[in-house]
Amino acid sequence: TVSSTGCRGTYTDFTVYVNPLPEPVLEDGSICVELSTGLVFQSHLLDSGLPNTTDYQFTWYYNGNVISGATQNTYAAEEAGDYYVLVQNTNTNCENISNIVTVTEINNATDFTYSITDAFTDNATVAISVLDGNGSYLYQLDDQDLQDSNVFTGVSFGTHQLTVVDEKGCTDLTKEI
């Protein structure tokens with residue numbers, strides 16, 4: 001209601017549009033690099049969490065430097081290092097910077113060995129040793145659940161399948177023993 005010198009005018013409605021500040025949020029991740037060649041075979045997708053519309057302009061950064069041509073709401077990181085994104089709302093020119101995330105490099109394992117104690121019994125123990133790579137490994141005997149431990153106890157007599165994978169999907173090895 002408008003008022004001036006004690007006189008009150010008529011009531012008027014106003015509509016106020018509030019455009020929220022863009023709030024991009026990124027997650028740490030890993031890339032998979034072939035140990036023997038150094039080639040990346042699995043990138044890490046950085047996702048701003050915002051839609052890829054004309055309402056936003058995206059500028060991605062790697063180790064503090066602008067990534068040329070990276071203007072979408074996502075970016076496939078293929079190098080280890082620190083990343084963040086600057087997002088500008090094109091309607092309001094308001095901008096915000098995401099959190100800085102670290103992308104690490106994981107080298108795939110190319111082989112593993114195993115040792116068996118008390119073989120040819122129904123209470124054998126199998127221990128797995130991964131020869132190379134730097135992943136966080138999970139181990140599986142036959143169709144059992146994956147486990148953190150590289151040792152299996154109470155293994156029955158006969159043929160079995162050993163599997164080694166890493167949590168990020170860089171390694172997937174299987175051997176029959």
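An open sheet of three strands has the order 14-16-17, and its pairing is antiparallel. Strands are DSSP runs of E, at least two residues long, numbered from the N terminus. Two strands count as paired if DSSP finds at least two bridges between them. Strand 14 (137–141) and strand 17 (172–176) stand at the edges with a single partner strand each, so one side of each lacks a neighbour in the sheet. The twist averages 15 degrees from one strand to the next. Axes for such angles are lines fitted to C-alpha atoms, and angles run from 0 to 180 degrees between N-to-C directions.

The model is predicted: local features need pLDDT of at least 70, side-chain atom pairs count only at pLDDT 80 or more, and totals for chains, interfaces and linings use all residues. Residues are numbered from 1 along each chain as its sequence is written, and side-chain values use heavy atoms, with hydrogens and water left out.

Five bridges join strand 14 to strand 16. Leu-138 has Val-165 as its bridge partner in strand 16. Thr-163 also lies in strand 16 (residues 161–166). Thr-163 is buried, with a relative accessible area of 9%; buried means under 20%, exposed over 50%, and partly exposed in between, for a 1.4 Å probe and protein chains only. The side chains of Thr-163 and Thr-174 make a polar contact of 3.4 Å. Such a contact is a pair of N or O atoms within 3.5 Å, where within protein one must be able to donate a hydrogen and the other to accept it; residues adjacent in sequence count only if both atoms are side-chain atoms.

A further open sheet has three strands in the order 12-13-15, paired antiparallel. The twist averages 20 degrees from one strand to the next. Three bridges join strand 13 (residues 124–130) to strand 15. Ala-124 has Val-155 as its bridge partner in strand 15.

Ala-124 and Val-155 are among the residues that line the largest pocket. Others include Phe-120, Phe-157, His-160 and Ile-177. The lining has eight nonpolar, four polar and no charged residues.

Strand 5 (residues 44–47) pairs with strand 8 (residues 74–77) in the antiparallel sense over four bridges. Leu-45 stands opposite Ala-76 in strand 8.

Technical notes: On a 1 Å grid over the protein atoms alone, a cavity is a set of points where a 1.4 Å probe fits but cannot get out, and a pocket is an open set with protein on both sides within 12 Å along at least five of seven lines; lining residues have an atom within 4 Å of a point. Ala, Val, Leu, Ile, Met, Phe, Trp, Tyr, Cys and Pro count as nonpolar, Asp, Glu, Lys and Arg as charged, and the others, Gly among them, as polar.
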